[in-house]
Amino acid sequence: ESNYYEWQRGAAPDIYLYAPLTAYPVKNRLIPLPYEFNDEAKVWISSVIDREFGPLQRVIFVTRRDAGAVAWMRERMGSVGFTAEVRQPNAFTVVIFSKN
């Protein structure tokens with residue numbers, strides 16, 4: 001399902017892939033990202049960063065398949081004032097972006 005999910009519309013309640021978020025909701029805004037990290041995804045992610053991340057102090061980015069996403073996100077988030085702390089607790093990479 002993640003290959004065909006309309007990621008630009010956000011986490012829809014009828015998508016079973018995100019069912020755990022119904023049972024265990026996340027208090028803060030969740031932005032599901034596209035499965036493939038390509039130029040279209042970069043344009044969309046950049047628009048979300050520009051539109052929504054200005055007032056935020058912390059953003060957590062989680063990925064399993066890096067494919068250059070971590071380096072790109074570090075550079076892009078750095079351009080709007082965030083510093084990055086990268087952790088790899090298991091098969092996932094977690095990047096905690098913070099503003100000082």
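Is Ile60 buried or exposed, judged by its relative accessibility?

Analyst: This is a predicted model, and the description that follows should be read with that in mind. Ile60 has a relative accessibility of 55%, and because exposed means over 50%, Ile60 counts as exposed. The residue is found in strand β1, which covers residues 58-63, and together with Val62 and Phe92 it forms a nonpolar patch on the surface, the accessible area of the three amounting to about 280 Å².

A contrasting case is Ser98, which is placed in strand β3 (residues 93-98) and, with 16% relative accessibility, counts as buried. Leaving aside residues up to four places away in sequence, Ser98 touches Gln57, Arg58, Gly81, Phe82 and Thr83.

Turning to the aromatic rings, the structure holds one aromatic pair. Its members are Phe37 and Trp72, whose ring centres are 5.6 Å apart and whose planes stand at 65°, so the pair is edge-to-face. Phe37 lies in the loop between α1 (20-23) and α2 (39-52), whereas Trp72 belongs to helix α3 (residues 69-78), and the pair therefore ties together parts that are 35 residues apart in sequence. Phe37, at 21% relative accessibility, counts as partly exposed, while Trp72, at 19%, counts as buried; the two fall on either side of the 20% limit under which a residue is called buried.

Technical notes
Residues are numbered from 1 along each chain as its sequence is written. This is a predicted model: local features need pLDDT of at least 70, side-chain atom pairs count only at pLDDT 80 or more; totals for chains, interfaces and linings use all residues. Side-chain values use heavy atoms; hydrogens and water are left out. Rings of Phe, Tyr and Trp (its six-membered ring) pair if their centres lie within 6.5 Å; planes under 30 degrees apart count as stacked, over 60 as edge-to-face and the rest as tilted. Helices (H or I, at least four residues) and strands (E, at least two) are DSSP runs, numbered from the N terminus. Buried means under 20% relative accessible area, exposed over 50%, partly exposed in between (1.4 Å probe, protein chains only). Contact means heavy atoms within 4.5 Å. Patches are made of residues with over 30% relative accessible area and no salt bridge: like charges are joined within 9 Å, nonpolar side chains (Val, Leu, Ile, Met, Phe, Trp, Tyr) within 5 Å. Accessible areas come from the Shrake-Rupley method with a 1.4 Å probe; for residues, only the protein chains shown count as cover. A salt bridge is a side-chain nitrogen of Lys or Arg within 4 Å of a carboxyl oxygen of Asp or Glu.
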